[in-house]
Amino acid sequence: MTETYKPEWVPEKDDDKFACRVMYGVKGGHEGMPGSNVDLSRKSAPVIKRSKMTVDDYVEGIIKGDRMTLSRAITLIESNAAAHFYIAQQVIQRLLPYTGKSTRVGITGVPGAGKSTFIEALGNQLCAEGHRVAVLAVDPSSTVTKGSILGDKTRMETLSRQKNAFIRPSPSGGTLGGLTRKSRETLLLCEAAGYDTILVETVGVGQSETTVRSMVDFFLYVVITGAGDELQGMKKGVMELADAVLINKADGDNKRRAMVTRAEYARILQFLRPATEKWETRAYTCSSVTGAGIPELWNEVIMKFFSQGKENGVLSERRKHQTLSWVYSMVEEHLHNLFYRSPSVLACKDKIETDVVEGKLPPTIAVQKLIAEYAKTEIGDYIKDTSPFAIK
Amino acid sequence: MEEKITQIHDVRSIVDKFADREGRRPRIMLANFGFVENNHDITETATALADMGFDVDMEPWGRNYIDVAQDALDNDVHVISVNSIKGEYKFLIVKLLEELASYDREDIMIAVSGQVVAHSVMKELYGSGASAVLVNKGYVDFAKEILSELEIILF
């Protein structure tokens, strides 16, 4: 029986003469009712903390080809925290002897060109042939909020189910500095873990194409069919980096237009310098949906590129150049961090900024002041404390 | 409106502090179970969280919980958030936690970002192991809940 109580207008002594009773109202917590009487106290299970891994854990796991260690190692590489950087560099150093054995292909193109569908089709084919494929995708982050939406697995559904494929989308973190080092080191980790084909995909934001070009052996530029006018507006700078231009979506009604576009590109490519010595950059068509043209592209174009490149030494020359440019891009990143994290610069930065904005200090003088402040620091001690490479 | 804007700035600064300590932004995977492919709720949640500074991984529709757990491990996310128009959240939470436990990665949290959650069921969701539930809060409070739980797990 639900509880009842007497209403307030019932006099105390004549209580039994009045039959009226009031029922208690429904308390909140039901559908559509305001208020909550739900007890939101925490879970019954104890909280499990994230385990810490040592350098040995990472190295052994990756050599064995363990996927989870690879995934955590990539997180370590991508981390911006200083403590993680030190451990990450040790891991890379110890894994360097295991790297260098894979086929590295970079893929770029405008959004909507169908890169992800193409990668899925190519990746599925390679997995069927027994390769182990790693796909690294760099998605741009917002420079304002620094968050990002990484949707690559939605576009590579069947490939993400393959046991021999590893897909890892990475946010670019709002700045493109440091992108070179991190993407390159991720590539090395995948190689050490036993993936023999690495596909690096980028949208083509900012300098990301030159970044990817400096990491891969073969660079593919994916385009869609277009009329003559559109071709004039394409990024010629990127075309000069490409080893092949691929016209996608050559299926159904679009087939004829794809052929025409291919001829247009072939014409333009004749006037551009090839990206790789002794290799002619040409245009090809394919359909990622039907799969037409993809086996030919892989076997006749890309594999030929690699066998030719190994024979005449072009590939190893290029990798040497790439390693050197990696060294210098890390030098730049290091200098960048040294400056922006230097305590004396941080101390005087705000004052100089206000002066410049209010017009009291010309920008060029502000630059001199900032650098003078930086140079005043005892650079020697500062490096000793922060750099893992310095001799202690 | 003003209050909402300051709330968003607040949560962004909490996320920034987290990112400075952890070295990366908090990474959440939004999984789409249930039978609707174009789930607008998920897109909305993804945009809201990305605006607050999260890195959001969007899972394709129609994956089962085993595949979702594997994807979450490949991407090394901090949180998996389940969304299902059918509302079978307790099942999903328990099963996902089992999968993660078999890989020894129970440090990955489960959250529920679906909108079809009966109020009376919320307590059971927390009891089954969810760390954060979106319904009846705003996105801002949801984000704060996730971040405070992450603090315990990571630091």
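1. Two strands pair if DSSP finds at least two bridges between them. Helices (H or I, at least four residues) and strands (E, at least two) are DSSP runs, numbered from the N terminus. By that rule, strand 1 of chain B and strand 2 (residues 55–58) of chain B pair in the parallel sense, over four bridges. Ile28(B) stands opposite Val56(B) in strand 2 of chain B.

2. This is a predicted model: local features need pLDDT of at least 70, side-chain atom pairs count only at pLDDT 80 or more, and totals for chains, interfaces and linings use all residues. Residues are numbered from 1 along each chain as its sequence is written, with chains lettered from A and ligands numbered from 1 in the order in which they are written.

3. Strand 1 of chain B also pairs with strand 3 (residues 79–84) of chain B, parallel, over six bridges. Here Met29(B) stands opposite Ile80(B).

4. How many residues of strand 1 (residues 27–33) of chain B are buried? Seven of its seven are (buried: 20 or more other C-beta atoms within 10 Å of the residue's own, with C-beta atoms placed from the backbone). One side holds Arg27(B), Met29(B), Ala31(B) and Phe33(B); the other holds Ile28(B), Leu30(B) and Asn32(B).

5. Strand 2 of chain B also meets chain A. Three bridges join it to strand 5 (residues 148–150) of chain A, and the two run parallel. Ser148(A) stands opposite Asp55(B).

6. Helix 15 (residues 363–376) of chain A is a contrasting case. The count of buried residues among its 14 is zero.

Technical notes: Buried ≥ 20, exposed ≤ 12 C-beta atoms within 10 Å, placed from the backbone.
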